[in-house]
Amino acid sequence: MKIILEQLLNGLTIGSFYALIALGYSMVYGVMKLINFAHGDLFALGSYLGYTLLVFGSSYVTVTFGLWGGMIAAMLIAAIGIGIAGTLIERIAYRPIYSVGRLPAVVSALGASIVIQNGIMVIWGPRPQAYTSQVVPSAMLNIGGIKITLMQIVVLIISFILMGLLFYIVQKTTFGAAIRACALDRSTAALMGINIETIIFFIFALGPALGGMAGVMVGMYYRKISFTMGWNYGLKAFTATILGGIGNIPGAMLGGLLLGVLEMLGSVYISTAYKDVFVFLILILVLIFRPTGLLGEKIAEKV
Amino acid sequence: MELNKNINQKNSLFKNWLVIVVAILFIALALPFIINAYWVDVLFFFGVYALLGLSLNIVLGEVGLFDLGHMGFVAIGAYTTAILNTTFGIPIIILLPVSAIAAGAFAWLVCSPIIHLRGDYLCIVTIGMGEIVRLTLNNNPFGITGGSNGVYGIDFPSLGNFFVIDNSTKFYYYIWLIVGLTIVGLVNLQRSRIGRAWNCIREDEIAAEATGIDVRHYKLLAFVLGAGLAGVGGNIYASKLMIVSPESFSFMESCMLFCIVLIGGMGSIPGVLIGAAAISLFPEVFRAFAQYRMLIFGAAMVIMMIFRPGGIWPRKRGTVKFESLLIKAGEENG
């Protein structure tokens, strides 16, 4: 029982990373019908930005804001930086080719992804980097026999706050209603007086900002970051997006958390080596029996 | 008279093409004597990418099915070759069709249940499938795939003992002979009933179904043929490198194949060749830039799509001119 609870917590932690990244994929896909392949690498860029702020800039950041304040500050700065990077990519790589169909945008997205990934390699070097223990507390807690790291609690709290915030924005505010309207039907939404340009700008800022924060948290949780990790996390998060129903915001959160938990349970009860195989098998099975994902609505096909 | 003129025009066009093709063939045959072994190897890998690009082009270009796990099929072909050759000593040449059949059969097995999925859903399932293949190979099931080290000590292709393909130049001729044969086959396929049915599905699936095309059958056929060709590519790749390992068949490589087809132009055979040249030669040409070359490569992909979103050599749609049907435009109105 203790093991199950511990693994559940581990799974939820990883799942919340996936969920935060998946939100970016899902929002962009919902409005643009575009798989933003560069999103995973923006996440990695966020991780490196946080690394620079916390490890190189520790004399400024950690000293000025304190240990916890420094971590929060690093996350916020990374979020702003990656948000700007996301909108820049949209301007440069996607906006000129929206009108010509979806497939050129896929190549353009892959190109942008290669540029960011190799940009990170050129700037920070090909070797993996580490968030040192001076800037990230590594305390271990023991709650009723269940071992849990302090970082895990922090990660869970922050990501649930972020997800709750986004859920509130998307489901309860007028702005969120505009985003959902765009996801349903972009041209009709434009006719109703919604400024599509603004919506696109915000989803390309908001999604990557969440991804950037997830990047900093992954760095703080696992300590080790590498320039290729964007692909792995991106692929998993994209899987989570599909699992929950692509274009669906609560679906992305559910998909991410579920994927993390399944991965952990798979690695405990099946085998560590086959945990990813298990995850992808689940994905394929879900798609065979429920092709629109868990929370996706069935859309009648237009002829 | 009009008809005759048309045929003459067609003939002269055909002659022009023939001259170009013969010139390219001549240059291709002479190249290994001009350039050094390193560039012959580069051209060999250009050939491999061309073959794999052509195989993905069947699925992505002709039928419009998003397949981002194509390297999985290549891996099946390569590992079939590697395992059967190293364990049982079966000659590589015999394993060429065997690999094709193995990859095709695998494609039929895994694609049958998922073929009804549309667009991006099919895309993510193929990604999942490709990753499952790679991860499984990496985990050394039953101790036959050698885990992350892979399988090594694969023979050269040979016909008996007297003709062994054992150096760069021979491999170069070998791959381009197979690419050439494949192109001839695919051009014929494009013009056949199957090719037209595929294109019809790509343009409008529902309309295709309404005209009586068995959409499911033709989609599966495309996957099986594409995978079979990918298996051939895997066989040649394995025999050239003499080692196969899981990281050669990563998601990134599948994305590169995807880019080959889209950079060249969907469904266009010359386009695929140009795309393969771009992907395989570009990093070599820019080798001088060392660590910046992939940066330039990615930027080039973005710029390429902004200025030529249809690809470098897009496929022309087949058109029927009024003249060739001996009908003058506007006659019906008069």
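Arg223(A) is located in the loop between helix H8 (196–222) and strand S4 (224–225) of chain A, where helices (H or I, at least four residues) and strands (E, at least two) are DSSP runs numbered from the N terminus. This is a predicted model, in which local features need pLDDT of at least 70 and side-chain atom pairs count only at pLDDT 80 or more, while totals for chains, interfaces and linings use all residues. Residues are numbered from 1 along each chain as its sequence is written, and chains are lettered from A and ligands numbered from 1 in the order in which they are written.

- Arg223(A) is not a glycine, yet has a positive phi of about 75°.
- Lys33(A) counts as partly exposed, with 16 C-beta neighbours inside 10 Å.

**Chain A as a whole**

- Chain A has eleven helices and four strands.
- Its radius of gyration, taken over C-alpha atoms, is 19 Å, close to the 19 Å that the globule rule gives for 303 residues, so chain A is as compact as a globular protein of that length; the rule is 2.2 Å times the number of residues to the power 0.38.
- Along the principal axes, the C-alpha atoms of chain A fill a box of roughly 60 × 45 × 35 Å.
- Of the 303 residues of chain A, 52% count as buried.
- Among contacts in chain A between residues at least 6 apart in sequence, 78% join residues at least 24 apart; two residues are in contact if their C-beta atoms, placed from the backbone, lie within 7 Å.

**The hairpin of chain A**

- Strand S2 (residues 140–143) and strand S3 (residues 146–149) of chain A run antiparallel and are joined by four bridges; two strands pair if DSSP finds at least two bridges between them.
- Leu141(A) has Ile148(A) in S3(A) as its bridge partner.
- Two residues separate S2(A) and S3(A) in this hairpin, and Gly144(A) in the turn has a positive phi of about 55°.

**The contact between the chains**

- Chain A contributes 37 residues to the contact and chain B contributes 33 residues.
- On the side of chain A that touches chain B, H4, helix H9 (229–244) and helix H11 (275–289) of chain A each supply at least two residues.
- H4(A) gives the most to that side, with 14 residues.
- The residues of that side divide into 31 nonpolar, five polar and one charged; Ala, Val, Leu, Ile, Met, Phe, Trp, Tyr, Cys and Pro count as nonpolar, Asp, Glu, Lys and Arg as charged, and the others, Gly among them, as polar.

**Helix H11 of chain A**

- The 15 residues of H11(A) should span 21 Å at 1.5 Å a residue, and the end C-alpha atoms are 21 Å apart, which agrees; the expected span is 1.5 Å times one less than the number of residues.
- Buried residues of H11(A) include Asp276(A), Phe280(A), Leu283(A) and Leu287(A).
- The buried residues of H11(A) pack against H9 and helix H10 (249–269) of chain A together with H5 of chain B.

- Helix H12 (residues 293–307) of chain B has 15 residues, for which 1.5 Å a residue gives 21 Å; its end C-alpha atoms are 21 Å apart, in agreement.
- In H12(B), the residues Gly298(B), Met301(B), Val302(B), Met304(B) and Met305(B) are buried.
- Seen down the axis of H12(B), the buried residues fall within an arc of 160°, so they line one face of the helix; the arc is that of the directions from the helix axis to the C-beta atoms.
- These buried residues of H12(B) pack against helix H3 (61–94) and helix H4 (103–124) of chain A together with helix H10 (251–264) of chain B.
- Helix H4 (residues 92–111) of chain B, with 20 residues, reaches 27 Å from its first C-alpha to its last, close to the expected 28 Å.
- The cover over the buried residues of H4(B) includes H3, helix H5 (119–138) and helix H9 (215–241) of chain B.

**Two further residues of chain B**

- Leu65(B) lies in the loop between helix H2 (37–62) and helix H3 (70–88) of chain B and counts as buried, with 25 C-beta neighbours inside 10 Å.
- The C-alpha atoms of Leu65(B) and Leu122(B) are separated by 7.5 Å, although the two are 57 residues apart along the chain.
- Ile312(B), in the segment after H12 of chain B, is partly exposed, with 17 other C-beta atoms within 10 Å.

Technical notes. A residue is buried if 20 or more other C-beta atoms lie within 10 Å of its own, exposed if 12 or fewer, and partly exposed in between; C-beta atoms are placed from the backbone.
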